[in-house]
Amino acid sequence: MNREDLSWLSASDQHSEHKQNAIAAMPPRRRTKKLAKQQGMFSLNMPEPDMDDPEYLELLKIYYEDSDTEEADRENFMKERERGSQNTPLLTQGAAYMLLIGCVGFFILFVNYYNVKQLERLKQEYGLDDKKTEPEFWWKKSLIYRIYVQSFRDSDGDGIGDLMGIRQRIDHLHYLHIDAVLLSPIFDSPMVDQGKDVADFLSVNPKFGTMDDFKQLIDELHQLGIKVILEFTPNHTSRLHKWFRQSRKGGVNNPYKEYYIWHSGRLLENGTREPPSNWLSKYGGPAWTWDHERRQFYYHFYHESMPDLNHRENAIHLEIGRILQFWLEKGIDGVLADGTHVLFETEEVTLDEPPNEREEIPENDYDSLDHIFTVDQPEVHEYLGSWRDVIEGHGLKEKKKIPFFVYVEDELLSDAAKYYYTGSDAPLTPVFTKLPASCGGICIHDIIDGWITHVPTDNDVLWMSSSPDYGRGIQYRGSEYQSIYNMLMMLTPGIVVTYYGEEIGMDQSTLVGAGHKDIMARFNVTHSRDPGRRPMQWNNEKHGGFTDGDTPWLPVHPDYLTVNVEVQQNDPSTTSTLQLYQRLATLRKYPSFQHGKLQYSVINDNIFSFLRFAKDNAPYLIILNFGTRPTIEDFSFSAGVGYGKVVAHAKGKRSSEEIQEGEKVNLSKLHLEAAEGIVVLLLLD
């Protein structure tokens with residue numbers, strides 16, 4: 001059923017509170033079962049629920065209603081009618097007939113008025129407009145595909161992925177049924193930190209293509225109904241940026257003088273100078289570097305080639321606004337700001353940060369200090385609100401809504417959730433990218449429930465299990481768990497970000513020798529992010545079809561011969577990770593997943609399961625085994641029924657064909673292997 005087709009609503013659907021409460025319990029009703037058997041509803045022979053079938057909808061209403069309360073209502077009505085018949089004088093047949101016509105006419109007018117008001121309310125709630133079918137807040141419940149540009153597809157044989165390469169594989173994006181793509185930074189850069197060290201925010205990196213290539217990519221994606229979100233890192237620039245080259249010159253009248261954080265340092269007795277504080281760089285070593293031209297230290301949270309901008313300077317505030325406006329005018333549909341947690345430092349840059357209490361951390365390691373003066377300063381939130389003003393201003397001019405996402409690294413959920421209130425539509429957090437193999441059903445529940453509890457009513461949670469900075473979430477468990485990760489992300493309420501390759505279960509393994517390109521590997525090879533950035537695996541040809549050149553910028557994972565798009569898309573068993581991903585992408589468009597409620601089912605050390613259901617729509621049970629061993633559980637009590645039809649199946653470590661999509665399963669005694677997951681359409685037996 002289309003979201004725009006709201007004709008299925010009726011006034012009676014809203015008339016009593018007990019109906020809403022009954023949804024949570026979902027008890028099987030004897031009358032419903034009898035009717036289901038008579039009409040063939042909710043049966044295994046019904047391939048997929050027909051949400052336009054009035055009989056099916058009526059059955060759903062019966063299933064969700066509280067029959068005891070309904071019977072009490074009926075008895076009260078009969079008593080009132082009997083009481084009225086005793087006290088009311090008899091009417092003539094003609095008068096009674098006219099009165100009946102009048103009552104019916106009034107009732108029809110009232111119902112029509114009520115339904116119109118309900119329709120207007122729902123249109124406003126879901127952002128629907130009579131003149132367009134696209135939701136105003138399009139990113140809510142959306143499926144976003146994150147592309148690390150240099151690793152997606154190389155079109156010119158230089159070994160580096162580019163914008164034209166994305167265009168060459170745009171059919172794959174369409175196949176996945178995604179709503180938007182999230183592009184990694186594409187700005188002109190010397191690529192010391194793979195594009196996060198920006199030399200010019202207003203131009204495209206020649207390694208990726210031209211501005212015309214970018215415009216053509218946006219146009220082609222828009223033709224397919226796919227939005228474009230662009231990531232940028234406003235915390236710092238490259239040392240090659242014009243701003244920094246001018247700022248190094250100093251001078252009283254230099255407009256760029258305060259664009260960066262400069263300090264003369266501490267003057268020692270021997271006439272030399274040392275940094276103004278003990279602050280450390282995330283990438284290793286001191287966070288202060290001496291500049292011989294200006295003869296001062298400059299601050300860099302990351303590498304010394306990436307000096308931090310001085311966001312207390314009003315000119316920088318204006319510059320960032322112009323950058324945002326520039327790319328919005330190029331046609332992007334959303335913005336992701338990275339590194340926002342370190343936009344500000346304390347104004348007293350001479351204050352030393354205290355040591356971390358953990359004794360096992362080596363001296364001068366970044367984690368050896370408690371970063372109370374350089375991370376998550378209070379000014380961040382108000383500052384982000386000013387960027388939101390720029391984005392909303394452009395949206396008003398173009399008459400469209402534009403989302404603003406923020407990448408955060410807060411370990412406390414309450415800290416990360418603050419970004420909802422300071423301008424961000426949703427923060428991206430690495431919580432699921434770091435899950436150890438020991439995180440089972442209870443652990444998963446605590447994370448899901450914690451986020452859903454903290455999110456404001458009008459916002460959505462944003463789920464992701466992998467990223468270019470933290471690698472692939474399955475690295476701690478194994479690639480056989482990828483499909484249940486996909487199920488978890490795609491079928492719980494909220495926005496989903498799929499990192500390229502997750503749809504085929506791309507794994508990551510340690511690079512050997514001199515294969516690393518990540519700057520962090522220079523300081524500690526175990527911190528290298530390259531394993532999670534390997535090239536996309538398209539087919540079993542040389543270099544996995546990523547490039548026609550001799551050498552890709554990073555080695556392709558050795559399993560590309562069997563783990564690739566071509567093999568999985570054409571898998572005759574239709575059970576590949578990619579084929580399942582596409583079915584899940586279709587399933588999450590159903591009303592039960594887009595607008596329905598979530599109710600937890602069986603949860604233990606292994607199993608995380610939950611129900612998704614919406615009024616007048618089919619109820620579903622999702623069961624995931626995040627444990628390391630098989631388990632047998634009874635799901636019939638929480639589901640309210642004894643049987644279900646499997647509509648999606650991730651076989652995990654199962655070697656047999658005991659469970660297959662389209663077949664009936666007994667929910668009272670369901671056996672699941674480790675890493676196995678199923679989506680069940682509930683049946684009335």
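This is a predicted model: local features need pLDDT of at least 70, side-chain atom pairs count only at pLDDT 80 or more; totals for chains, interfaces and linings use all residues.
## A buried helix

A residue counts as buried when its relative accessible area is under 20%. Eight of the eleven residues of α16 are buried, so the helix is largely enclosed by the rest of the structure. The buried residues are Thr577, Leu578, Gln579, Leu580, Tyr581, Leu584, Ala585 and Leu587.

## The chain as a whole

The protein chain has 685 residues, and 56% of them count as buried. It holds 18 helices and 25 strands. Take the contacts between residues at least 6 apart in sequence: 69% of them join residues at least 24 apart. The accessible surface of the chain comes to about 30600 Å². Carbon and sulfur atoms account for 51% of that surface.

## The parallel sheet

Eight strands form an open sheet with parallel pairing. The order is β13-β12-β11-β5-β2-β1-β17-β14. The edge strands are β13 (426-428) and β14 (462-464), and each pairs on one side only. On average, neighbouring strands of this sheet are turned by 25 degrees against each other, direction ignored.

## The antiparallel sheet

Six strands make up an open sheet with antiparallel pairing, in the order β18-β19-β20-β25-β22-β23. Its edge strands are β18 (597-603) and β23 (664-666), each pairing on one side only. Neighbouring strands here are turned by 35 degrees against each other on average, direction ignored.

Strand β20 (residues 620-625) pairs with strand β25 (residues 677-683) over five bridges, in the antiparallel sense. Leu621 stands opposite Val680 in β25. Helix α13 (residues 441-454) packs on this sheet and touches β18 and β19 (607-613). The direction of α13 makes about 160 degrees with that of β18.

## The disulfide

A search of the whole structure finds one disulfide. It joins Cys439 to Cys443, with the sulfur atoms 2.0 Å apart. The torsion about the S-S bond is about -95 degrees, so the disulfide is left-handed.

Are the two cysteines buried or partly exposed? Cys439 is at 2% relative accessibility and counts as buried. Cys443 is at 27% and counts as partly exposed.

## Salt bridges across the sequence

The count of salt bridges comes to 26. Lys400 forms one with Asp333, the closest N and O atoms being 3.7 Å apart. This pair links distant parts of the chain, 67 residues apart. Lys400 sits in the loop between α11 (379-398) and β12 (404-407). Asp333 sits in the loop between α10 (314-329) and β11 (334-337). Lys400 is partly exposed, with a relative accessible area of 32%, whereas Asp333 is buried at 5%.

Arg388 and Asp425 also meet through their side chains, at 3.1 Å from N to O. Arg388 is in helix α11, and Asp425 is in the loop between α12 (413-417) and β13. They are 37 residues apart. Arg388 counts as buried at 15% relative accessibility. Asp425 is buried too, with a relative accessible area of 8%.

## A salt-bridge network

Which residue forms a salt bridge with Asp469 at 3.2 Å? The partner is Arg533, and the distance is that of the closest N and O atoms. Arg533 lies in the loop between β17 and α15 (565-569), and Asp469 lies in the loop between β15 (466-467) and β16 (471-472), so the pair ties together parts that are 64 residues apart in sequence. Arg533 counts as buried at 2% relative accessibility. Asp469, at 18%, counts as buried as well.

Arg533 and Asp469 belong to a network of salt bridges. The network also links Asp193, Lys196, Asp338, Asp518 and Arg529.

Notes:
Residues are numbered from 1 along each chain as its sequence is written. Side-chain values use heavy atoms; hydrogens and water are left out. A disulfide is a pair of cysteine sulfur atoms within 2.5 Å. Buried means under 20% relative accessible area, exposed over 50%, partly exposed in between (1.4 Å probe, protein chains only). Helices (H or I, at least four residues) and strands (E, at least two) are DSSP runs, numbered from the N terminus. Contact means heavy atoms within 4.5 Å. Accessible areas come from the Shrake-Rupley method with a 1.4 Å probe; for residues, only the protein chains shown count as cover. Two strands pair if DSSP finds at least two bridges between them. Axes are lines fitted to C-alpha atoms, for helices over the stretch in contact, and angles run from 0 to 180 degrees between N-to-C directions. A salt bridge is a side-chain nitrogen of Lys or Arg within 4 Å of a carboxyl oxygen of Asp or Glu.
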